[in-house]
Amino acid sequence: VVPLVADTGAYLSRVGVVSRRAVVYLSGDVTSVEQRERAGTLAATVGGVQRVVNGVTVRAPGAADATR
């Protein structure tokens, strides 16, 4: 999923990507709805991807992770 890494303007370095049978699963945290949507859009542009499951969470910068 090279477009996610290459898009430096979207700050998507905290997005995890797993691909199985033409489905891309996204996870992680971003700081805006626009970044979340951009991650899904970029993943969908990759050849062979038939579906994107966007599990990316929008969190305010510096927000503590409740699971830690």
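Two strands pair if DSSP finds at least two bridges between them. Helices (H or I, at least four residues) and strands (E, at least two) are DSSP runs, numbered from the N terminus. In this predicted model, S2 is joined to strand S3 (residues 51-54) by four bridges, and the two run parallel. Local features need pLDDT of at least 70, side-chain atom pairs count only at pLDDT 80 or more, and totals for chains, interfaces and linings use all residues. Residues are numbered from 1 along each chain as its sequence is written, and side-chain values use heavy atoms, with hydrogens and water left out.

**Overall layout**
- The protein chain has two helices and four strands, in the order α-β-β-α-β-β from the N terminus.
- Of its 68 residues, 26% count as buried (under 20% relative accessible area, 1.4 Å probe, protein chains only).

**Pairings of S2**
- Strand S1 (residues 15-20) runs antiparallel to S2, with six bridges; Gly16 has Ser27 as its bridge partner in S2.
- The hairpin of S1 and S2 has two residues between the strands, and Arg21 takes a positive phi near 50 degrees there.
- Towards S3, the bridge partner of Leu26 is Asn54.
- Strand S4 (residues 57-58) runs parallel to S2 with two bridges, and Val30 stands opposite Val58 in S4.

**Asp29**
- Asp29 lies in strand S2 (residues 23-30).
- The side chains of Asp29 and Arg59 make a polar contact (3.1 Å); such a contact is a pair of N or O atoms within 3.5 Å, and within protein one must be able to donate a hydrogen and the other to accept it, while residues adjacent in sequence count only if both atoms are side-chain atoms.

Note on methods
Buried < 20%, exposed > 50% of the residue type's maximum accessible area, 1.4 Å probe, protein only.
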